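Please look over the sequence and the model that follow.

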Amino acid sequence: MINKRRVTLLVAEKLREIATRDGVVPFDKGDLRKSHVAQPVGADSAAVGSNLPYARAVHDGRPETIIRPRRARALFFPGLDHPVKQIRQPARPGQPWLRKSVDRLKLEGLGFLSPEIGDSAVRALEAAMRRNPNLKIERKKS
């Protein structure tokens, strides 16, 4: 009997491992890479993601943002020569490392599941992944 919950968690953990490899996740200080978790959701699903508040903006991109003072008449912080009324941050394109991780998983295959479910089941799952190119990826509701 195949334990669907265990298999789902193994796949989620493999996706987490792929996502945190060098060159996959965007890297500045390493906080985003270190923040990835794989956890069960319900009886036979799992979620892979980051718990950092800016992770979605890095993954999906974000529109142009204008920063204005809330309490003062102007903004000033180190690096500015003088106070300013607003600062415009340009839009940033997304860097969808989790989607890239799913693509890499499809290329690498599911051989890591063989000890758990057997070679014939692995081949059947890989064939199903090829037939259905859209592995279900959902955004967590905010």
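## The second largest pocket

Three elements, α2 (31-34), α3 (55-60) and β6 (92-93), each supply at least two residues of the lining of the second largest pocket, and the largest share, three residues, comes from α2. Helices (H or I, at least four residues) and strands (E, at least two) are DSSP runs, numbered from the N terminus. The lining holds 15 residues, of which D28, L32, Y54, V58 and R92 lie nearest the centre of the pocket. A pocket here is an open set of points, on a 1 Å grid over the protein atoms alone, where a 1.4 Å probe fits, with protein on both sides within 12 Å along at least five of seven lines, and lining residues have an atom within 4 Å of a point.

About 340 Å³ of space lies in this second largest pocket; grid points are joined across faces, edges and corners, and the volume is the space filled by probe spheres set on the points. By residue class, the lining divides into seven nonpolar, two polar and six charged residues, where Ala, Val, Leu, Ile, Met, Phe, Trp, Tyr, Cys and Pro count as nonpolar, Asp, Glu, Lys and Arg as charged, and the others, Gly among them, as polar.

## Basis of the model

This is a predicted model, in which local features need pLDDT of at least 70 and side-chain atom pairs count only at pLDDT 80 or more, while totals for chains, interfaces and linings use all residues. Residues are numbered from 1 along each chain as its sequence is written, and side-chain values use heavy atoms, with hydrogens and water left out.

## Overall form

The protein has six helices and six strands, which follow one another along the sequence in the pattern α-α-β-β-α-β-β-β-β-α-α-α. Its radius of gyration, taken over C-alpha atoms, is 20 Å, whereas a compact globule of 142 residues would have a value near 14 Å; the globule rule is 2.2 Å times the number of residues to the power 0.38. Along the principal axes, the C-alpha trace spans about 70 × 25 × 25 Å.

Of the 142 residues, 23% are buried, a word that means under 20% relative accessible area, with exposed meaning over 50% and partly exposed in between (1.4 Å probe, protein chains only). Among the contacts (heavy atoms within 4.5 Å) with a separation of 6 or more, 55% join residues 24 or more positions apart.

## Residues in the helices

L32, one of the residues nearest the centre of the second largest pocket, sits in helix α2 and counts as buried because its relative accessible area is 6%. Leaving out residues up to four places away in sequence, L32 touches V25, P26, S50, L52, Y54, A55, V58 and W97. H59, in helix α3, is likewise buried, at 10% relative accessibility, and its contacts beyond four places in sequence are G94, Q95, P96, W97, L98 and R99.

R16 belongs to helix α1 (residues 4-19) and is partly exposed, since its relative accessibility is 21%. R16 and G49 are 33 residues apart in sequence, with their C-alpha atoms 7.7 Å apart in space. By contrast, S114, in helix α5 (residues 114-117), is 82 residues from L32 in sequence and 31 Å from L32 in space, C-alpha to C-alpha.
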